[in-house]
Amino acid sequence: MERLERITITIKPVLLGEIKKIAEQERESVSGIINRYLEEVLFEKKRKKAGFRVLEVVKKYRLDEEQVEKAHEELSKMRKEWER
């Protein structure tokens, strides 16, 4: 199991209420829900940033459709590896 760090945060009561509802519905701890949501948000930010970098490369090197498709396939493979 991955080692976890303990922190203290300040959160809006309405957000905490929603997180508690989700935790109850999914039979998971509040901490588990917050960890999962943070992972999803951070992964999405990294994915978008990588996508913008790919677009810059496509424009810079004027890649054709076949080259872009190959790049997309490679990115898909990388994403599957990241999700492990």
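Mentor: Start with the charges: the mean positions of the chain's 21 positive and 18 negative charges lie 5 Å apart. Lys and Arg count as positive and Asp and Glu as negative, with His and the chain ends not counted. Each charge is placed at NZ of Lys, CZ of Arg, CG of Asp or CD of Glu. This is a predicted model, so local features need pLDDT of at least 70 and side-chain atom pairs need 80 or more, while totals for chains, interfaces and linings use all residues. Residues are numbered from 1 along each chain as its sequence is written, and side-chain values use heavy atoms, leaving out hydrogens and water.

The chain has 3 helices and 0 strands. Helices (H or I, at least four residues) and strands (E, at least two) are DSSP runs, numbered from the N terminus. The radius of gyration is 19 Å, well over the 12 Å from the globule rule for 84 residues, so the chain is more spread out than a compact globule. That radius is taken over C-alpha atoms, and the rule is 2.2 Å times the number of residues to the power 0.38. Buried residues make up 7% of the 84. Buried means under 20% relative accessible area, exposed over 50%, and partly exposed in between (1.4 Å probe, protein chains only).

The part to study is helix 2. Arginine 27 is exposed, at 81% relative accessible area. Its phi is near 50 degrees, which is positive in a residue other than glycine.

Helix 2 itself covers residues 30–61, 32 residues in total. From first C-alpha to last, helix 2 reaches 47 Å, close to the expected 46 Å. The expected span is 1.5 Å times one less than the number of residues. Its buried residues are Gly32, Ile33 and Ala50. They pack against helix 1 (13–25).

Take isoleucine 33. This residue of helix 2 is buried, with a relative accessible area of 0%. Which residues does isoleucine 33 touch, not counting those up to four places away in sequence? They are Ile19, Ile22, Ala23, Glu26 and Glu28. Contact means heavy atoms within 4.5 Å. Arginine 79 is 46 residues along the chain from isoleucine 33, and their C-alpha atoms are 22 Å apart.

Just after helix 2, arginine 62 takes a positive phi of about 50 degrees.
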